[in-house]
Amino acid sequence: MHAFAELQSKMIDTQQKAKLADLQIDQLTRMKKHANLTHAEIKTLPDNTRMYEGVGRMFILQSKEDINTQLTYKQKTADEKIKELEQKKTYLERTVKDAEDNIREMLMSRRAQ
């Protein structure tokens, strides 16, 4: 019975980690979309437009080029992190499935006895 409880606990923990990965993917997707929309809006502005970046409770004057570079970097970083999290989520889902199969096998062997 101890192995069953341990396996069940591991499965629940893994499911929670998969849900956390989903939340992180959603958050990164929103951040990426925001950066993409901002980037699209900035492209329409003249190059000499004064632009400011919010830092805490203040704003710092930045060039259009610097802001575009930062937005591109945010999008690239979000893409990389999303890819990592999706790979991690796939692994976690496979682990949950394996744990469910093991639990099912334990239950079947107990019923057979």
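# A tour of the model, salt bridge by salt bridge

Select lysine 89 and aspartate 22: their side chains meet in a salt bridge, 2.7 Å from N to O. Lysine 89 belongs to helix H2 and aspartate 22 to helix H1, so the pair ties together parts that are 67 residues apart in sequence. A salt bridge here is a side-chain nitrogen of Lys or Arg within 4 Å of a carboxyl oxygen of Asp or Glu. Helices (H or I, at least four residues) and strands (E, at least two) are DSSP runs, numbered from the N terminus.

Before moving on, note that this is a predicted model, where local features need pLDDT of at least 70, side-chain atom pairs count only at pLDDT 80 or more, and totals for chains, interfaces and linings use all residues. Residues are numbered from 1 along each chain as its sequence is written, and side-chain values use heavy atoms, with hydrogens and water left out.

## Stop 1: around lysine 89

Keep lysine 89 selected. Its relative accessibility is 21%, so lysine 89 counts as partly exposed. Aspartate 22, at 30%, is partly exposed too. The terms work like this: buried means under 20% relative accessible area, exposed means over 50%, and partly exposed lies in between (1.4 Å probe, protein chains only).

Glutamate 93 is partly exposed, with a relative accessible area of 41%. Show the three together: Asp22, Lys89 and Glu93 are linked in a network of salt bridges.

## Stop 2: another pair in H2

How many salt bridges does the rule give? The count comes to 7. One of them joins the side chains of arginine 104 and aspartate 101, at 3.0 Å from N to O. These two are 3 residues apart in helix H2, about one helical turn. Arginine 104 is partly exposed at 47% relative accessible area. Aspartate 101 is partly exposed as well, at 26%.

## Stop 3: helix H1, end to end

Select residues 2–43, which form helix H1. H1 has 42 residues and should span 62 Å at 1.5 Å a residue. The expected span is 1.5 Å times one less than the number of residues. The end C-alpha atoms of H1 are 61 Å apart, which agrees.

Next, colour the buried residues of H1, among them Phe4, Leu7, Met11, Thr14 and Ala18. Further along, the buried set includes Ala21, Ile25, Leu28 and Ile42. What do these buried residues pack against? They pack against strand E1 (51–55) and helix H2 (64–112). Contact means heavy atoms within 4.5 Å.

## Stop 4: two buried residues

Zoom to threonine 14, in helix H1. Threonine 14 is buried, with a relative accessible area of 7%. Leave aside its neighbours within four places in sequence, and threonine 14 is in contact with Leu92, Thr95 and Val96.

Go across to alanine 99, in helix H2. Is alanine 99 buried or exposed? Alanine 99 is buried, at 6% relative accessible area. Not counting residues up to four places away in sequence, alanine 99 touches Leu7 and Met11. Alanine 99 and leucine 7 are 92 residues apart in sequence, with their C-alpha atoms 6.5 Å apart in space.

For contrast, select glutamate 80, placed in helix H2. Glutamate 80 is partly exposed at 42% relative accessibility. From glutamate 80 to threonine 14 is 66 residues in sequence and 22 Å in space, C-alpha to C-alpha.

## Stop 5: the annotated span

Select residues 68–102. In UniProt, an unreviewed entry annotates these residues as "coiled-coil region". UniProt positions are given in the numbering used here, feature names are shortened, and annotations may be inferred rather than shown by experiment. In the model, the span is 100% helix and 0% strand, and its end C-alpha atoms lie 51 Å apart.

## Stop 6: a nonpolar patch

Finish with Tyr52, Phe59 and Leu61, which make a nonpolar surface patch of about 360 Å². Patches are made of residues with over 30% relative accessible area and no salt bridge: like charges are joined within 9 Å, nonpolar side chains (Val, Leu, Ile, Met, Phe, Trp, Tyr) within 5 Å. Accessible areas come from the Shrake-Rupley method with a 1.4 Å probe; for residues, only the protein chains shown count as cover. Phenylalanine 59 lies in strand E2 (residues 58–62). Phenylalanine 59 is exposed, with a relative accessible area of 63%.
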